[in-house]
Amino acid sequence: MKDLLIENGILLPNGEICKNKINLVSGAMTQPFAEMVWGSTGGDKETLNRLTDILVTMNTDTDRDKLFKLIQMLYGLMGVKFPDEAFYISRHKEALKYFIFSFIADFGEIIQEYISNGNR
């Protein structure tokens, strides 16, 4: 698996995670996810806050794998293709931790921008 992670740029040859690559994957995934969540909720702040709370509170060592699977399932429900690179990221504990952190931060920023701009 380490070779696949290196081939896909998720790990550097020395075994460290490549934060730049993980940020790229996270950023590319979060935008369509946030758009679909925004559209499907009609911008309902209560629903958006509940989802954000779930994302944040499940970002623990115990629940992070479940959170990843939840995000993957939401992608499927919304009809958005789930990138293969994200699957590879999920196979490495440290990479997954950084990915989820980036995903949640990006999601929060995008949703706040939508709210600020009144994108309904």
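This is a predicted model: local features need pLDDT of at least 70, side-chain atom pairs count only at pLDDT 80 or more; totals for chains, interfaces and linings use all residues.
## Exercise 1: Following helix H2

Find out how far helix H2 reaches, and how that reach compares with the expected value.

**Solution.** Start with the length: H2 has 23 residues. Next, go from its first C-alpha to its last, which gives 31 Å. Then set this beside the 33 Å expected at 1.5 Å a residue; the two values are close. Finally, look just after H2, where Gly 42 takes a positive phi of about 65°.

## Exercise 2: The buried side of H2

List the buried residues of H2, and work out which helices they pack against.

**Solution.** Step along the helix and pick out the buried residues: Ile 22, Val 25, Ser 26, Met 29, Thr 30, Phe 33, Ala 34, Val 37 and Trp 38. Now look at what lies against them. These buried residues pack against H3, H4 (64-78), H5 and H6 (93-117).

Leaving out residues up to four places away in sequence, Thr 30 touches Tyr 75, Phe 103, Asp 106, Phe 107 and Ile 110.

## Exercise 3: Salt bridges

How many salt bridges does a search of the whole structure find? Examine the pairs Lys 21 with Glu 85, Glu 46 with Arg 50, and Asp 61 with Arg 64.

**Solution.** The search finds four salt bridges. Take the three named pairs in turn.

- **Lys 21 and Glu 85.** The closest N and O atoms are 2.7 Å apart. This pair links distant parts of the chain, since Lys 21 is in helix H2 (residues 19-41) and Glu 85 is in helix H5 (residues 84-90), 64 residues apart. Lys 21 has 22% relative accessibility and is partly exposed; Glu 85, at 26%, is also partly exposed.
- **Glu 46 and Arg 50.** Here the closest N and O atoms are 3.0 Å apart. Both residues belong to helix H3 (residues 45-57) and are four residues apart, about one turn of the helix. Glu 46 is exposed at 55%, while Arg 50 is partly exposed at 45%.
- **Asp 61 and Arg 64.** The closest N and O atoms are 2.9 Å apart. Asp 61 is exposed, with 55% relative accessibility, whereas Arg 64 is buried, with 6%.

## Exercise 4: Aromatic pairs

Decide whether the rings of Phe 33 and Tyr 75 are stacked or edge-to-face, and do likewise for Phe 68 and Phe 99.

**Solution.** A pair of aromatic rings is described by the distance of the centres and the angle of the planes. The count for this structure comes to ten aromatic pairs.

For Phe 33 and Tyr 75, the centres are 5.5 Å apart and the planes stand at 15°. Planes under 30 degrees apart count as stacked, so this pair is stacked. The two residues come from distant parts of the chain: Phe 33 is in helix H2 and Tyr 75 is in helix H4, 42 residues apart. Phe 33 is buried at 0% relative accessible area, and Tyr 75 is buried at 1%.

For Phe 68 and Phe 99, the centres are 6.1 Å apart and the planes stand at 65°. Planes over 60 degrees apart count as edge-to-face, so this pair is edge-to-face. Phe 68 is in helix H4 and Phe 99 is in helix H6, 31 residues apart. Both of these residues are buried.

Phe 33, Phe 68, Tyr 75, Phe 82, Phe 99, Phe 103 and Phe 107 form one aromatic cluster.

## Exercise 5: A patch on the surface

Which residues form a nonpolar patch on the surface?

**Solution.** The members are Met 1, Leu 4 and Phe 87, and together they have about 250 Å² of accessible area. Now check one member: Phe 87 is found in helix H5. With a relative accessible area of 34%, Phe 87 is partly exposed.

## Exercise 6: A distance across the chain

Locate Gln 112, then find what separates its C-alpha atom from that of Asn 23.

**Solution.** Gln 112 is in helix H6. At 46% relative accessibility, Gln 112 is partly exposed. Along the chain, Gln 112 and Asn 23 are 89 residues apart, and their C-alpha atoms are separated by 19 Å.

Conventions:
Residues are numbered from 1 along each chain as its sequence is written. Side-chain values use heavy atoms; hydrogens and water are left out. A salt bridge is a side-chain nitrogen of Lys or Arg within 4 Å of a carboxyl oxygen of Asp or Glu. Buried means under 20% relative accessible area, exposed over 50%, partly exposed in between (1.4 Å probe, protein chains only). The expected span of a helix is 1.5 Å times one less than its number of residues. Contact means heavy atoms within 4.5 Å. Rings of Phe, Tyr and Trp (its six-membered ring) pair if their centres lie within 6.5 Å; planes under 30 degrees apart count as stacked, over 60 as edge-to-face and the rest as tilted. Patches are made of residues with over 30% relative accessible area and no salt bridge: like charges are joined within 9 Å, nonpolar side chains (Val, Leu, Ile, Met, Phe, Trp, Tyr) within 5 Å. Accessible areas come from the Shrake-Rupley method with a 1.4 Å probe; for residues, only the protein chains shown count as cover.
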